[in-house]
Amino acid sequence: TTRPLEAIPKLKQLFDCEHMYVYTNDMATTHLCQVVSGLDSIVLGETDIVAQVKQAYVQAKEGKTVGPFLNQLFQRAIHASKVVRSSTNIDAGTVSMGRSAVLLIKDKVGDLKNQKVLLVGAGYIASKIPFYLKEAGVQDLTIANRTISGAEKLALKHNAKVIPLGD
């Protein structure tokens, strides 16, 4: 049988992912804590990832796939996030990928009040964007997604139109 770390080159080839990286032991623990704390993110201090990690941890526990080691590791990483956020000003700036995306659009386009916006995707991060778009004055929002039901669910919350996103 193949040991887990020996499978990495095959995974990289399978997923056509040249930017995949692997951490083990202490480096993996450090990386997890940095990511969950928002220290290693496109947006410094980003808070969406800690919610995603907590959700994944809960699902893994419910699926009985977390043993004592991973249980302790994830509890400590989530605690590290709380320590970083409470003892620094990391949350002082823009701490959401969704908000950052809308600020970038405003920077490039200007006032969004009379703009038509197409949001592609309805996943976790995309689901945060309509709130910030509405806050910026967007009245005409259309959501496209691979699954029409995902787009419809998000569109219903934000009074948006839906179009299918085909292959």
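Me: In which strand does Ile-163 have its place, and why does this residue count as partly exposed?

Reply: Ile-163 is found in strand 3, where a strand is a DSSP run of E with at least two residues, a helix is a run of H or I with at least four, and both are numbered from the N terminus. Its relative accessibility is 36%, and because buried means under 20% relative accessible area and exposed over 50%, with partly exposed in between (1.4 Å probe, protein chains only), Ile-163 is partly exposed. The model is a predicted one, in which local features need pLDDT of at least 70 and side-chain atom pairs count only at pLDDT 80 or more, while totals for chains, interfaces and linings use all residues. Residues are numbered from 1 along each chain as its sequence is written, and side-chain values use heavy atoms, with hydrogens and water left out.

Me: What does Ile-163 contact beyond its neighbours within four places in sequence?

Reply: With contact taken as heavy atoms within 4.5 Å, Ile-163 is in contact with Leu-118, Thr-142, Ile-143, Ala-144, Asn-145 and Ile-148, once neighbours within four places in sequence are left aside. Thr-147 lies 16 residues from Ile-163 in sequence, and the C-alpha atoms of the two are 9.9 Å apart in space.

Me: How do you know that strand 2 and strand 3 pair?

Reply: Two strands pair if DSSP finds at least two bridges between them, and strand 2 and strand 3 (residues 161-164) have four, in the parallel sense. Within strand 3, Pro-164 stands opposite Asn-145. Strand 1 and strand 2 meet the criterion as well, pairing in the parallel sense over five bridges, and Leu-119 has Ile-143 in strand 2 as its bridge partner.

Me: What makes the crossover from strand 1 to strand 2 right-handed?

Reply: A crossover has this hand if, with the strands pointing away from the viewer, the path from the first strand over the helix to the second runs clockwise. The chain goes from strand 1 through helix 6 to strand 2, and this β-α-β crossover is right-handed. Strand 2, helix 7 and strand 3 also make a right-handed β-α-β unit. Both units belong to an order of elements that runs α-α-α-α-α-β-α-β-α-β from the N terminus on.

Me: Why is the pair of Tyr-57 and Phe-74 called stacked?

Reply: The search of the whole structure finds two aromatic pairs. In that of Tyr-57 and Phe-74 the ring centres are 5.9 Å apart, with 10 degrees between the planes. Rings of Phe, Tyr and Trp (its six-membered ring) pair if their centres lie within 6.5 Å, and planes under 30 degrees apart count as stacked, over 60 as edge-to-face and the rest as tilted, so the pair of Tyr-57 and Phe-74 is stacked. Tyr-57 lies in helix 3 (residues 48-62) and Phe-74 in helix 4 (residues 68-87), so the pair ties together parts that are 17 residues apart in sequence. Tyr-57 is buried at a relative accessible area of 9%, while Phe-74, at 21%, is partly exposed.

Me: What makes the pair of Phe-131 and Tyr-132 edge-to-face?

Reply: The ring centres of Phe-131 and Tyr-132 are 5.2 Å apart and their planes stand at 80 degrees, so this pair is edge-to-face. Phe-131 is partly exposed, with a relative accessible area of 48%, whereas Tyr-132 counts as buried at 17% relative accessibility.

Me: How do you know that Arg-85 is buried?

Reply: Arg-85, which has its place in helix 4, has a relative accessible area of 16% and is therefore buried.
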